[in-house]
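Let's take a walk through a protein by way of its charged side chains. Have a look at the model first, and then we'll go pair by pair.

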Amino acid sequence: MNNSLKPDPSVIGGVPVAPLAFLPDAPAVFDKRAGRFAFLADHGGNLAPYMRFLADLTALQARLARELPPVMPIPTDRVELAQSSRMPPIDRAALATDEGMHATLDRFLAEAAGLEMPEQARLALSAVTASGIADRHWLLENILSDRIPDDSAAPHLFVGAAVQLHLARLAGTLDAAKLVKIRTGTCPTCGGKPATSSVMGQAGIESTRYATCGCCATQWNEVRVVCLCCGSNAAISYRSAETDEATVKAEVCGDCKGWVKILYQVKNASLDPIADDVSSLGLDMLMRDTDFRRGGFNPFIAGY
């Protein structure tokens, strides 16, 4: 493992004021992600079968994002209260019992049954499909709280994919101009944790950093070289499984002992905040041998 404390030259530059957030266009987000998973499956070595499964799963998310009835937008008074109180407009706690969320979950589980998948995944899908309302509430509450017990990662994967679908569609109904900064490492749309952050390469926001919510897919601006787990900038370093030029690194905090992956889209525009988090699983395995804990949330790599 490479542990680099050298200055990051790509920090220099950028724009004076970057937009706070970019809200997801759910079909486009999942289409792009499915394509990235498919590409990575062709170059994924031992991870290739899992990448192909996730490519199919995210392609299903994209299709359902187009086919499902429109979601009910967040009420205007709720959005205004969130703005004035510096809160996220989407209330995650309420979604575990929300009829729209459960309808999305039902449809997703039914459609997922037609996908090719390993037998263990098939058993997990069957168990979730047959589960009662109390068990579904528990699964949803775990995902919506950004936590997954290590011994039940497989059923949470399907529920997590359904939550991603529902929350991305819900987030897409909002107005980004009415979002407010909550705190470092917190999604301004739904209050969730980032899966990863990315150093952007697009014109106008080049070399600025945006975190991506592991559930609703909102991307929001974060200061560079600041821990997304605790907000400290006193003891940040970077580690990679390859070289100093790696396009995916672990941003490590010596204060709180947390770490979150950072993707350098400025070097490779095809990187996806979720798909390339999975494809760089080797970095997670290396970090497990350290005293640091993963701070990013991605339901597709729970248990690693």
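What follows is a short tour of the salt bridges.

A bit of housekeeping: this is a predicted model, in which local features need pLDDT of at least 70, side-chain atom pairs count only at pLDDT 80 or more, and totals for chains, interfaces and linings use all residues. Residues are numbered from 1 along each chain as its sequence is written, and side-chain values use heavy atoms, with hydrogens and water left out.

Side chains of opposite charge can pair when their charged atoms come close. Here, a salt bridge means a side-chain nitrogen of Lys or Arg within 4 Å of a carboxyl oxygen of Asp or Glu. Counted that way, there are 16 salt bridges.

Start with E251 and R209, whose closest N and O atoms sit 2.6 Å apart. E251 belongs to strand β7 and R209 to strand β4, so their pairing ties together parts that are 42 residues apart in sequence. (Strands, E, at least two residues, and helices, H or I, at least four, are DSSP runs numbered from the N terminus.) E251 is buried, at 5% relative accessible area, and R209 is buried too, at 0%. Buried means under 20%, exposed over 50%, and partly exposed in between, using a 1.4 Å probe and protein chains only.

Next, K261 and D284 meet in a salt bridge at 2.5 Å, N to O. Strand β8 holds K261 and helix α10 holds D284, so this pair ties together parts 23 residues apart in sequence. K261 is buried, at 1%, and so is D284, at 2%.

Finally, R63, E67, R107 and E111 are linked in a salt-bridge network.
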